[in-house]
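Student: I would like to learn how to read a few features of a structure. Please show it first.

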Amino acid sequence: MITAKTKIAGIEFDSYIFNASGIKDGTLEELEEIGKSESSAIMLKSCTIEPRKGNEKPREINLPFGYFQSEGLPNLGYRKYLEFIPKLKQYKKPIIASVVGFSLEEYRVLVKTFQESEVDLIEVNLSCPNIVEEGLPIVYNFEKIKELLDKISNLGEKPIGLKLPAYLCYVLQEKMADLIKQYNVPFIASINSVGNALIIDPGKETTLIKPQKGFGGLSGGYIKPIALGNVRRFYELLKDKVSIMGVGGIKTGQDAFEFLLAGADAVQVGTTFEREGVNCFQRINKELEEILEKKGYSSISDIRGRLKYL
Ligand code: RRO
């Protein structure tokens with residue numbers, strides 16, 4: 001039996017599968033559940049400087065092929081997550097902080113603080129689709145991202161990574177990849193939920209969620225092909241220089257295998273974790289290992305990125 005161990009930015013993960021930020025990872029109890037499970041890491045809910053209640057409810061809904069929400073960053077504030085870290089260390093797996101700033105200075109403070117903590121990696125979330133800002137959001141403003149990277153890329157030794165949106169245009173993705181290379185960003189997570197989505201209840205003639213007149217972020221099976229496309233493009237653009245966490249619609253071992261072929265070093269599971277609970281990590285990992293074994297591959301690196309072309 002092979003084990004699908006992997007590495008992200010040089011750090012060992014016991015399996016290819018762990019939780020995506022934002023699903024059942026906002027409280028200590030939820031994070032401990034993830035710690036006890038077969039998730040190969042503990043990914044924390046994206047946190048802000050101050051605690052936030054999030055958007056008005058109803059703000060999320062499960063749909064046949066995915067999940068739709070406008071949570072609005074409900075979280076306990078970064079100080080609480082810092083308090084949780086020593087307790088989470090007992091699970092002996094990588095802990096990944098995820099941060100969102102409302103200014104470049106807030107991002108700097110958050111990254112610096114987690115650099116001085118015992119987390120293993122820091123995900124810098126640039127792509128929450130549910131925050132209404134003045135002007136162009138940072139993720140679409142390459143000058144701003146450059147300024148941010150100037151501020152956060154030399155604050156400590158822990159690997160930092162960027163949580164990125166779906167690029168529906170290759171030129172923009174190439175621009176992002178150039179910045180990632182220029183600043184030696186060691187990992188990325190691709191993709192966040194697809195924003196600016198709207199789902200309508202035709203019977204009631206209403207939106208399905210309350211915040212922002214019904215607009216929100218779409219995830220799960222609906223977005224898997226977009227996520228695969230984005231992972232593949234980044235793999236082609238960044239090759240082995242940057243670790244890629246694939247996220248978007250991973251429900252089965254076969255989905256995970258497809259992300260592996262596309263070039264992901266690991267995958268994060270969100271929608272399926274929401275539905276199935278912590279057992280999904282073990283199930284998907286086992287299914288992936290069975291596929292690898294059946295195909296005669298002995299490790300993740302045997303096949304990562306080796307998608308064949310027609
Ligand atoms: O909390 C949210 O509304 C949220 C975040 Br921070 C994110 O990064 N992605 C998302 O779909 N929702």
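Student: Where is K93 placed?

Tutor: K93 sits in the loop between α2 (78–88) and β7 (95–99). Helices (H or I, at least four residues) and strands (E, at least two) are DSSP runs, numbered from the N terminus. This is a predicted model, where local features need pLDDT of at least 70, side-chain atom pairs count only at pLDDT 80 or more, and totals for chains, interfaces and linings use all residues. Residues are numbered from 1 along each chain as its sequence is written, and side-chain values use heavy atoms, with hydrogens and water left out.

Student: Which side chain of opposite charge is nearest to K93?

Tutor: A salt bridge puts a side-chain nitrogen of Lys or Arg within 4 Å of a carboxyl oxygen of Asp or Glu. K93 is buried but has none; D14, the nearest side chain of opposite charge, is 7.8 Å away. Buried means under 20% relative accessible area (1.4 Å probe, protein chains only). A polar atom of the K93 side chain does lie 2.6 Å from the backbone oxygen of S39.

Student: Is Q268 buried or exposed?

Tutor: Q268, in strand β16 (residues 266–269), counts as buried because its relative accessibility is 1%. Q268 and Y16 are 252 residues apart in sequence, yet their C-alpha atoms are 8.5 Å apart in space.

How values were computed
Buried < 20%, exposed > 50% of the residue type's maximum accessible area, 1.4 Å probe, protein only. Lys, Arg positive; Asp, Glu negative; His and termini not counted. Polar contact = N/O pair within 3.5 Å; in protein donor to acceptor, adjacent residues only side chain to side chain.
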